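Please walk me through this structure. I am new to it and would like the main features in order.

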Amino acid sequence: MTSAPNSTEICVELKGITKRFGAVVANEDVSLDVRSGEIHAIVGENGAGKSTLMSILHGMQPPDSGHILIDGKERIFHSARDAIALGIGMVHQHFMLAPSLTSAENIVLGYEPGTPLKSNTRDATALVRELFDRFDLQVPPDTPVRELAIGAQQRVEILKALHRGARILILDEPTAVLSPEEVETLFSRLRNLRSSGITIIFISHKLREVMALSDRVTVMRRGKTVETLTTSQTDQNQLADLMVGSSVSSDGKPRPVPASRVRESVLRLQSVRSPTRPGNSGLKDLDLDIRSGEIVGIAAIEGNGQSDLMEIAAGVASPSAGQVFFRGNDVTRLHVGQRRALGLAYVPEDRHRDAIALDSTAAETFLSTRRPQNWIDWLRPAMSAADKARIADLMQDFDVRPADPDVLCRSMSGGNQQKLVFARELADNADCILLGQPTRGIDIGASRALFERIWRSRDKGAGVLFLSADLDELFSVADRIVVMFDGRIVSELDPQSAAPRDASGFMTGAAHAVL
Amino acid sequence: MPSFKPVPFRLPAGLVEVLATFGIIAVIGAITLSIMGASPVAAGLAAFHGTLDGTYEIAGVVALSLPLIIVGFGASICFKGGYYNLGLESQLILGAAAGSIAGYYAGPLWSPFHITLVLVCGGLAGAVVAAVIAWLRVHLNVDEVVSSLLSNYIVILFAIFLATYPFRDESRFNGAMHRILPSARMPTMISGTELTWGVLFVVAVSLVLFWIFHRSKLGQDWALMGRSVTVARSAGIDVKKFGMMIMTSSGFLAGLAGAFMISATQHRYFANLALGLGFDGILIGMIARYRIPAVVFWALAYSWMLLAADGIEQEVGIPSEFAQVVIAIVILGVAVRLGLLQWVRGWRQRWFKSSGTGSLPAMRMFSANREGR
Amino acid sequence: MDLIVFITSAALAYAIPIVYAGIGGQISLASGDLNIALEGEMLFGAFVAVAATYFLGSPWLGILCAVIVGAALGLLFGILIVSLKGNVFLVGITYNFLLAALTVLLLGMIFGVRGSFSSPELMGIPKLPLGTLANIPFLGSAFSSQTYVAWLLIPVVVLWSYVLHSTPLGLRIRALGDNQDAVRSAGLNVDRMRLGVQIVCGMLCGIAGAQLALGALTLFSAGMSAGRGFVALAIVILVGQRPWMLVLAAFAFGITDGIGIKLQQADVPAQFPQMLPYAVTLLALILVALRGHLRTTRRSR
């Protein structure tokens with residue numbers, strides 16, 4: 001499928017790059033060489049230091065030590081502009097787009113056509129159309145970016161880099177937000193770009209994609225480069241072993257089988273709707289029943305209504321139509337605080353936006369979900385000595401470091417913040433647990449520990465709704481997989497008999513199952 | 001916006017902070033006075049004689065600080081909850097007008113009851129205005145900063161209208177209400193001074209608010225609202241209800257401060273009474289960084305500085321606004337202190353990169369400040 | 001007919017300082033900072049213009065000084081919110097307070113008066129002679145009493161409108177308010193841009209202040225900006241990034257002010273006409289918010 005490029009000329013060389021953020025070492029003595037005209041993949045788990053390395057290469061932050069050589073010459077970048085001047089373009093995982101400007105305006109931003117005294121949208125549009133033809137990448141030039149689908153926004157990002165004269169293109173987790181079909185299109189475009197002489201650095205943690213696209217691959221682990229291999233001479237298992245650092249089989253521990261008994265419904269959504277918005281399908285008459293003692297996994301590509309589903313189930317948002325039942329009682333009108341009091345636990349998808357205030361202490365974060373039942377509760381002390389001791393114990397138990405209730409969340413690492421949220425949500429043995437992307441930003445060991453706890457809660461009779469972008473994870477944890485597309489449930493799969501690839505057909509709307 | 005852990009108010013760190021801030025005020029004040037051609041020593045003596053030299057003077061400082069303490073609480077709890085009610089100024093004035101009306105037209109009544117009535121009427125008047133702004137913010141997303149700033153002009157003019165037309169005392173100059181009945185006046189605590197037994201009321205309010213905002217569950221959730229509304233919502237707080245409560249209660253305290261002034265010292269509302277007092281309260285809340293005990297302290301310090309500046313004006317001839325200028329400069333420093341701290345740190349790192357010297361004394365002071373919370 | 005002339009003149013007197021400050025606010029908001037210090041910067045500009053004109057004997061030098069001091073105040077404000085990362089509201093409130101107190105303090109120290117200062121030696125900004133155009137019915141007399149600075153507003157608005165929508169600079173400013181990271185990733189210096197915007201904003205507030213104190217009147221009085229900066233801010237929120245709408249809205253609010261002044265001469269309690277411009281501004285804010293509210297289906301609680 002991929003042939004190694006003829007050229008062995010090295011266009012990017014990083015030597016001994018080290019970068020620290022306070023006590024955290026993001027990159028330690030990293031070395032990397034990229035050949036002209038190849039697609040070079042960089043793989044590693046979350047937090048392995050891939051993104052930091054790339055932002056150093058793009059001049060967004062300076063390394064503490066080490067050297068950057070472009071075309072054999074040592075370079076020091078003071079800002080992204082220096083890197084851009086040398087032909088290094090970057091497509092960030094979180095798009096750097098101004099949402100209310102048009103795609104043409106976004107593409108030319110900072111490198112506008114015309115003179116400083118005159119450069120209007122029409123010039124920009126004309127110039128951008130030229131780019132479209134040259135690279136065969138199409139987007140509507142006069143539409144505000146916020147109205148474009150995610151895939152089109154990504155094309156705007158790529159065009160932006162190309163407009164700036166990029167000959168080395170860095171893509172940071174470009175497939176995370178795309179459907180499998182869009183991924184295929186992206187890959188064929190990237191191959192086209194390669195044949196027109198552009199070097200591509202492709203960051204991912206999805207080994208299947210790396211195998212399909214790249215010429216060479218560099219594995220990173222814990223801030224260090226482990227090895228660089230030629231893709232055709234390796235396989236997924238070898239890469240996985242290098243990423244994790246020990247020979248673990250990709251499946252891990254077998255999943256405990258749920259106790260079979262008659263299970264009543266804990267959370268039921270009936271004909272729930274939410275409005276369609278740009279980049280988000282909303283929900284269209286969705287029915288879902290979560291029963292006691294089961295883990296329901298949600299598989300969907302971003303923007304197909306799964307976030308609305310979580311928020312409506314939790315009571316953070318209200319549906320525009322339909323009802324939500326908790327243990328048979330209608331709770332549609334109750335907000336998340338009232339539902340928590342009934343026995344609901346909720347780990348929001350976006351940790352910093354919804355789960356943790358950085359200026360709160362661990363103990364305050366922990367106690368924030370405790371809802372007073374009457375007015376006198378509001379006036380009682382927020383925290384007793386017993387509370388504090390219990391929180392310290394739970395933090396110990398969930399391996400939150402440091403296990404000090406008085407520490408500010410701001411000073412904790414992302415993984416520890418997430419573990420603190422688990423400790424908070426799982427401590428009270430809730431009847432229904434909603435987990436939105438719970439393993440985002442935590443390492444495999446912590447994920448394993450979390451799964452153990454989820455299974456234990458399930459075996460005690462809790463109903464769990466589990467939303468994850470990682471299909472493999474979903475299939476190894478859940479008892480039942482529900483596939484969503486365009487705001488509807490399009491399929492239900494049994495992970496015992498089905499495999500992740502079965503889900504992807506439904507996720508794109510290509511296949512339809514009869515429910 | 002820097003926000004701080006609310007619960008403990010440790011004295012030693014607080015003391016360091018107070019001394020540091022006072023030191024800065026003294027230095028800026030001395031420099032300002034020198035530039036203006038006055039002797040800082042003479043000014044300092046004048047300041048002392050005008051404010052601390054005798055019971056009468058000290059009572060004057062305390063009496064002036066009482067409404068400032070209450071409105072300072074209003075500003076603190078509002079900003080702490082993440083809402084910027086800049087209409088405290090006019091809510092205080094409307095509270096004074098409402099209190100003045102209740103003090104004259106209702107009664108005579110049993111005095112404690114009548115005083116309570118005046119205070120409650122004033123508080124409610126402020127609360128109603130704040131509630132309207134809050135409703136617009138919470139339900140229609142009208143930016144409360146701009147709407148409350150505009151509301152100031154409307155509400156103050158309305159209060160002046162009340163004093164000029166429907167509730168005017170015909171025997172007085174234009175735009176003054178009737179003097180409130182004796183039963184609505186707070187009894188004097190130290191005769192010959194303006195200090196009334198109202199001081200006990202303020203102490204009680206302070207204790208209650210201290211409990212609520214530094215100890216109770218309500219205060220903790222309140223602070224969470226200020227740190228992140230989205231986190232508060234996911235934690236189960238009804239953010240609309242809380243938003244209404246935060247704004248309305250700050251308006252209530254502002255109105256209460258106005259009515260307190262009427263009952264304790266002024267005894268009637270007239271046009272231009274208490275102009276600027278609400279903004280003073282906002283400044284006090286900011287310099288105290290939204291902590292209840294610190295508000296009490298800084299309100300006392302602020303009124304001391306105002307009276308001291310009056311003394312200086314009489315003795316040395318420097319306009320008393322110089323005190324406000326100095327205070328404003330210090331508060332700007334407080335508002336950007338974290339950035340300032342980073343800047344000093346970066347500067348220090350560059351400076352001491354090779355020699356590796358430890359922290360400067362000034363830096364330790366700043367750090368202590370930061371831990372002070 | 002006299003009424004129309006009167007109201008037009010009053011509206012222009014009210015609107016012109018607001019438009020200058022409003023453009024400053026518009027630049028600032030387009031770049032992402034809601035600057036509530038417009039009020040204080042305008043007031044201080046008025047003071048500087050009066051003091052400089054009095055001592056230097058020329059209103060042109062007065063305007064120049066007001067602009068220079070405005071630039072310095074804008075730079076300081078920018079340093080406080082950009083370089084030192086202060087909260088823009090808290091710094092803005094304190095800034096207004098500081099500058100208001102400073103004008104009273106300096107008024108007392110320099111002129112030895114409290115409250116307000118006026119002098120026969122204080123020259124206003126010259127008025128642009130219109131020649132025969134002054135004979136145009138109705139509007140001629142209103143327009144012929146306008147200063148050079150008032151007329152300068154037209155090229156300023158044209159220029160600002162052009163810069164915002166037809167130059168790279170305008171595009172970058174709009175992008176800055178939309179997503180700072182987009183600008184940063186284009187390798188542009190976000191902090192320096194924000195500082196520059198605040199300097200320009202301060203300069204415009206300086207001109208606004210000069211026109212306020214030396215345009216229709218020639219005096220300085222404490223707090224004479226009387227919330228015009230806040231009205232300007234509210235208008236900016238209303239009109240977004242449309243400079244000509246800003247002019248139109250300011251003029252509309254100016255008309256309410258003119259009507260208010262006329263009503264004060266009638267037998268109406270003076271306070272209600274005085275409220276009019278603020279009340280109308282607030283009402284307009286509410287109506288626009290209401291429209292937005294009705295348009296979007298609100299999901300979150």
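This is a predicted model: local features need pLDDT of at least 70, side-chain atom pairs count only at pLDDT 80 or more; totals for chains, interfaces and linings use all residues.

Residues are numbered from 1 along each chain as its sequence is written, and chains are lettered from A and ligands numbered from 1 in the order in which they are written.

Start with chain A. Its secondary structure comes to 18 helices and 20 strands. Helices (H or I, at least four residues) and strands (E, at least two) are DSSP runs, numbered from the N terminus. Chain A has 515 residues, and 47% of them are buried. A residue is buried if 20 or more other C-beta atoms lie within 10 Å of its own, exposed if 12 or fewer, and partly exposed in between; the C-beta atoms are placed from the backbone. Now take the contacts in chain A between residues at least 6 apart in sequence: 69% of them join residues at least 24 apart. Two residues are in contact if their C-beta atoms, placed from the backbone, lie within 7 Å.

Next, look at a sheet in chain A. It is open, has 6 strands and runs in the order β6-β7-β8-β3-β9-β10, with mixed pairing. Two strands pair if DSSP finds at least two bridges between them. The edges are β6 (88-91) and β10 (224-230) of chain A; each has a single partner strand, so one side of each is left without a neighbour in the sheet. On average, neighbouring strands of this sheet are turned by 20° against each other, direction ignored. Axes here are lines fitted to C-alpha atoms, for helices over the stretch in contact, and angles run from 0 to 180 degrees between N-to-C directions.

Strands of a sheet pair through backbone hydrogen bonds, either parallel or antiparallel. In which sense do β3 and β8 of chain A pair? Strand β3 (residues 39-43) and strand β8 (residues 199-204) of chain A are parallel, over 5 bridges. In this part of the sheet, A:Ile42 stands opposite A:Ile203 in β8(A).

Helices pack on this sheet. Helix α1 (residues 50-57) of chain A touches β3, β6, β7 (168-172), β8 and β9 (216-221) of chain A. The direction of α1 makes about 150° with that of β7(A). Helix α5 (residues 150-163) of chain A also packs on the sheet, touching β6 and β7 of chain A. The direction of α5 makes about 170° with that of β6(A).

Stay with α5(A). At 1.5 Å a residue, its 14 residues should span 20 Å, and its end C-alpha atoms are 20 Å apart, which agrees. The expected span is 1.5 Å times one less than the number of residues in the helix. Of the 14 residues of α5(A), 11 are buried, so the helix is largely enclosed by the rest of the structure. Among them are A:Val156, A:Ile158 and A:Leu159. Where do the buried residues of α5(A) pack? They pack against β6, α3 (103-108), α4 (121-135) and β7 of chain A. Just after α5(A), A:Gly165 takes a positive phi of about 85°.

Turn to chain C. There are 12 helices and 2 strands in this chain. The radius of gyration of chain C is 20 Å, close to the 19 Å that the globule rule gives for 301 residues, so chain C is as compact as a globular protein of that length. That radius is taken over C-alpha atoms, and the rule is 2.2 Å times the number of residues to the power 0.38. Along its principal axes the C-alpha trace of chain C spans about 55 × 45 × 40 Å. Buried residues make up 55% of chain C.

Now the chains together. Chain A puts 27 residues in contact with 19 residues of chain C. On the side of chain A that touches chain C, α2(A) gives the most, with 3 residues. The contact between chains C and B takes 39 residues from chain C and 43 residues from chain B. On the chain C side, the largest share, 13 residues, comes from α4(C).

Finally, B:Pro112 lies in helix α5 (residues 111-140) of chain B. B:Pro112 counts as exposed, with 11 C-beta neighbours inside 10 Å. B:Pro112 and B:Ala184 are 72 residues apart in sequence, and 7.8 Å apart in space, C-alpha to C-alpha.
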